[in-house]
Amino acid sequence: MKPLDETTVLDALRQVVDPELNCNLVDLGLVYSTEIRDGHVRVVMTLTTAGCPMHESLVEGVRTALRALDGVREVTVEVVWDPPWSPAMMTPEGRARLGLA
Amino acid sequence: MAGVLALVGSVVLLGVRPDILAAYHYNQYTVAATHLWVLGFLGSVAMGAMYQLVPVALETRLHSERLAAWHFVLHLVGVAGMVWMFWRWDLKQVGHFGSALAAGVALFLYNLGRTLRTVPRWNVVATGITAALAWLGLTVLAGLAIAAAKCTYESLETLPPGHWLRWPLIALQATAHWLGRFDPLAVMHAHAHLGGVGFFLMLIVAVSLKLLPMFALSELQSPRRAGAALGLLNLGLAALVVTLTGRSRFQFVAGGVLATGLILYGLELRAILRARQRRGLDWGLRHFLVALGLLAPTALLGLLLAWPGLPATLLTTQLETVYGWLGLAGVVSLTVLGFLYKIVPFQVWYHTYARHVGRFRVPALADLYSERLQKVSLGLVLAGVLGGALAAALASTGGVRVAVLVLALGLGVFVTNLGLMLRHFWRPRLEPLAPPRAAPASVSRT
């Protein structure tokens with residue numbers, strides 16, 4: 001059984017892909033922070049734009065992906081708009097995937 | 001789907017009666033085919049998309065889905081009946097079916113009006129959408145008034161005094177008398193501009209100021225410039241409608257104000273694209289950019305036709321048809337086809353895959369259709385539109401037939417691509433999640 005740590009959580013979040021940009025949430029830079037405490041995982045994240053039509057699907061996808069991890073008892077997802085997302089927050093992998101300038 | 005069916009129907013009508021484009025446009029067949037294209041295709045898709053896009057673009061929720069469903073029923077009955085009755089040139093029945101359509105539009109305006117009241121942050125996009133809705137209301141009222149002006153009210157002689165129908169009929173007769181003071185062709189042109197520029201173009205301008213930055217990973221560069229563009233478009237259109245109706249020589253000036261608004265809009269779009277982070281643009285967006293490319297010659301042709309004292313010759317009257325064709329079949333239709341590549345995949349994805357996110361590997365939106373078919377379809381539709389414009393200018397029925405054939409082929413490819421997307425409803429493509437990979441954590445640690 002893999003330990004429940006940040007790497008495991010981020011790996012799980014890499015399974016959730018924004019279907020419009022075809023890139024996972026971590027490499028898009030949408031995950032601002034994660035916190036793991038006694039089986040409770042808290043994710044603070046954003047979306048590429050306020051009013052994103054994928055909002056509910058992606059947030060639910062995050063919950064589903066994390067609940068599937070061993071040792072996770074509860075998941076809290078907080079969507080924030082400050083700081084607003086910008087492409088500068090993407091990882092080099094994400095930028096390469098989208099062919100960003 | 002109703003919109004796409006209407007588009008196919010319109011193209012079939014053009015193939016059966018090429019004189020719709022090749023002969024002078026003030027005839028029952030051109031009017032019927034135009035309404036099938038504009039209300040059946042463009043109107044159905046645009047209004048259906050607004051129920052989805054306005055809440056997304058303005059970060060709010062639609063006021064009522066139930067009203068939207070009633071609107072859809074009234075819209076279908078209204079459009080089908082109007083087109084049929086235009087074809088038979090029975091204007092009284094056009095008025096009756098037009099009233100059903102107008103009732104649907106009233107529900108639409110009420111529903112979106114209530115939705116707009118809940119917008120948390122009012123901006124240039126909300127202003128543009130509100131303006132487009134206002135122009136739509138005026139377009140429908142003008143259309144009903146034009147139909148009323150072409151009817152006779154002999155039943156007023158036979159109805160007993162005090163009958164409930166007398167007052168509506170008296171109001172319609174008064175409208176007909178008032179409108180009778182104007183040139184019917186000029187009034188029809190004003191009606192066409194109210195709908196084409198006021199609703200469709202205004203909507204394209206407003207929505208693109210939100211969606212283009214969203215899809216290209218950019219930002220609105222100058223809200224002031226975008227606001228000025230919208231202001232000039234509205235001012236120019238108001239002046240154009242008045243000057244067209246009165247056959248004033250100042251319609252060229254009004255057209256100039258409109259064109260200035262379009263130039264500012266074009267400059268803002270160029271700035272948005274230059275600041276974009278996403279280098280490659282998908283073919284849905286490229287449809288929109290091609291449509292914008294057609295906007296320039298369409299606007300120039302419009303200015304030429306508004307030139308004071310331009311004689312009405314076979315060429316200039318055919319150029320009026322070319323102007324309408326380029327505007328509606330080119331600018332607006334290509335934009336709508338492009339945005340369908342955004343709307344349809346999202347709808348299919350949302351209903352088929354959204355609940356599986358995080359559980360299975362689901363396809364991206366771009367995986368739902370073929371990019372190759374997109375390119376072929378765009379090329380053929382563009383060739384058909386340009387060929388149709390040339391054939392209309394030359395008043396050539398043979399040329400129109402060839403152009404319509406090319407257009408139909410392009411639409412056939414588009415419908416095939418649509419089928420590829422819809423196939424996911426019945427044959428979803430779900431794959432197991434990829435095994436976790438070793439990657440460095442790249443977010444803030446807590």
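Predicted model: local features only at pLDDT ≥ 70, side-chain atom pairs only at ≥ 80, totals over all residues.
View 1. Strand β3 of chain A, residues 31-37, pairs with β4(A) in the antiparallel sense over 6 bridges. The bridge partner of A:His40 in β5(A) is A:Glu74.

**View 2. The turn of the β3-β4 hairpin in chain A.** β3(A) and β4(A) form a hairpin with 2 residues between them. A:Asp38 lies in this loop and has a positive phi, near 50 degrees, without being a glycine. Most residues other than glycine have a negative phi. A:Asp38 counts as exposed because it has 8 C-beta neighbours inside 10 Å, and the limit for exposed is 12 or fewer.

**View 3. A:Asn22 in the loop between β1 and β2.** In chain A, the loop between β1 (17-18) and β2 (23-24) holds A:Asn22. Phi of A:Asn22 is positive, about 55 degrees, although the residue is not a glycine. A:Asn22 has 14 other C-beta atoms within 10 Å and is therefore partly exposed.

View 4. The bond from A:Asp82 to A:Pro83 is cis, and its omega is near 5 degrees. Most peptide bonds are trans. A:Pro83 is placed in the loop between β5 and α4 (92-98) of chain A.

**View 5. A:Cys52 in the loop between β4 and α3.** A:Cys52 belongs to the loop that lies between β4 and α3 of chain A. It counts as partly exposed because it has 19 C-beta neighbours inside 10 Å, where buried would need 20 or more. The C-alpha atoms of A:Cys52 and A:Val72 are separated by 28 Å, with the two residues 20 apart along the chain.

**View 6. The contact between chains A and B.** Chain A gives 33 residues to the contact and chain B gives 29. On the side of chain A that touches chain B, the elements giving two or more residues are α1 (6-13), β3 and α3 (55-67) of chain A. The largest share of that side, 7 residues, comes from α3(A). By class, the side has 16 nonpolar, 12 polar and 5 charged residues.

**View 7. The largest nonpolar core.** This core has 162 residues. Those with the most contacts inside it are A:Leu13, B:Ala132, B:Met202, B:Leu203 and B:Val205. Helix α13 of chain B, residues 314-352, supplies the largest share, 18 residues. Leaving aside neighbours within four places in sequence, B:Leu203 is in contact with B:Ala46, B:Ile129 and B:Ala132.

**View 8. Helix α5 of chain B and its surroundings.** This helix covers residues 91-117. At 1.5 Å a residue its 27 residues should span 39 Å, and the end C-alpha atoms are 37 Å apart, which agrees. Buried residues of α5(B) include B:Val94, B:Phe97, B:Leu101, B:Val105, B:Phe108 and B:Leu112. An α-helix has 3.6 residues a turn, so residues three or four places apart point the same way. Among the elements that cover the buried residues of α5(B) are α3 (28-57), α4 (65-88) and α6 (124-149) of chain B.

Note on methods. Residues numbered from 1 in each chain as written. Chains lettered and ligands numbered in written order. Pairing = 2+ DSSP bridges. Helix = DSSP H or I, 4+ residues; strand = E, 2+ residues; numbered from the N terminus. Core = buried A, V, L, I, M, F, W, Y, C linked by C-beta atoms within 7 Å. Contact = placed C-beta atoms within 7 Å. Expected span 1.5 Å × (residues − 1). Nonpolar A, V, L, I, M, F, W, Y, C, P; charged D, E, K, R; others polar.
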